[in-house]
Each structure stands twice: as structure tokens, then as C-alpha cells.
Amino acid sequence: MRQGIGLLLLVLLMSITCWLHLHTSATMSEALPPLPKPEVAKLSALEFKPLLADYYLVKVAQIYGGKTIPAPAQIDWMTKAITLSVELDPYYLEPYYFAANVLSWNGKVDWSISLLKKGLKYLKGDWRIPFYLGFLFFYFKKKPIEGAKYLGMATHFPEAP
């Protein structure tokens, strides 16, 4: 019974988001769907937080994978949606991957670094988080010593290349 109510609330939240998006813009490229505050999203998702985190990541992928290059407002919206996705499910690797490999190339390097550092706390067994941090420090921040620290951390995992 409780799971049914939670799923119904999640579907209702997604429906309201889609309705607001469709009724507040003339075209899909003009407006972005509104994002709830993390506290509201966590409360309304109940035990379906990973499902809602997936939903926001899919929305980000739809915007980024569109026919045009994302505008700065879209990049800002994507960073907020990825942050929301990580707040809902901090053990979900894909938002960290998207932040490191896509949004960092779109001017969000400092934000990506802070998000990946948060990911170090939750994904302790994954070599990719410190690897991405090392790359961002080497390539974008021009801090080889800090980059080497994270790359060295990544090499200690048995499945690391």
C-alpha cells in the first residue's frame, strides 16, 4: 500500500513538472522544466529517490543531446538538475560521470570538482571518481600535484586500468 502511494506521488510530481513545462513555454527550447528544492524532492519521492534521480538525469541527457548546442541557461539548469539527482541518490555514478565528462567542458569545472569530491564520500570503491578529479586538476586547473594525488588514489583500486 505504501509503495503504491509513493509511486503515485512520484508519477504526480513528474506529471506536474511536465505540465508546467508544456504550459509555460511556446517551444521546448525556450523554457526548462522547474526543479524542486532537494528537500521537497526527497520528501515527495519517499523510497523512490533513485527513480527520481534517474528522471532528472534523463531530462539532462535530453537537453544536452538535442539538436542545438546548449545555451548558458541550459547548462546552468543541467548543473542544478545533476545536483538534485546527486542529492536524491548520492550512490548513483552517472551524474558524477556527466559532470566530469560533459559539464566540465562547458565551463563548470569548479562545480564538477566539488561534486566529484562529494562523490568520493559515497562511491569509495570506484576508481573513476578520483580518476576524473585527477584529470580535471591536471587539464583544467593546471595543478599537477593535486591531480597526481587523485590519480594515485585511483590506481589503488584492483579494477582500475
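pLDDT is the predictor's confidence in each residue, on a scale from 0 to 100. For this predicted model, the protein averages a pLDDT of 87, with 81% of its residues at 70 or more. Where pLDDT is low, the predicted coordinates should not be read in detail.

## The overall build

Here you get 8 helices and 0 strands (DSSP runs, H or I of at least four residues for helices, E of at least two for strands, numbered from the N terminus). Of the protein's 161 residues, 43% are buried, meaning under 20% relative accessible area with a 1.4 Å probe, protein chains only.

## Where H3 meets H4

Now zoom in on helix H3 (residues 49-64) and helix H4 (residues 72-88): their axes come within 8 Å and cross at roughly 160° (axes are lines fitted to C-alpha atoms over the stretch in contact, with angles from 0 to 180 degrees between N-to-C directions). So H3 runs roughly antiparallel to H4, a label for angles over 145 degrees.

Residues making this contact include Leu52, Tyr56 and Ile63 of H3, plus Trp77, Met78 and Leu88 of H4. The contact residues split into 13 nonpolar, 2 polar and 2 charged (Ala, Val, Leu, Ile, Met, Phe, Trp, Tyr, Cys and Pro count as nonpolar; Asp, Glu, Lys and Arg as charged; the others, Gly among them, as polar).

## Reading notes

Residues are numbered from 1 along each chain as its sequence is written. Local features need pLDDT of at least 70, side-chain atom pairs count only at pLDDT 80 or more, and totals for chains, interfaces and linings use all residues, while side-chain values use heavy atoms, leaving out hydrogens and water.

Definitions and conventions
Angles under 35 degrees count as roughly parallel, over 145 as roughly antiparallel, 65 to 115 as roughly perpendicular and the rest as oblique. Contact means heavy atoms within 4.5 Å. Buried means under 20% relative accessible area, exposed over 50%, partly exposed in between (1.4 Å probe, protein chains only).
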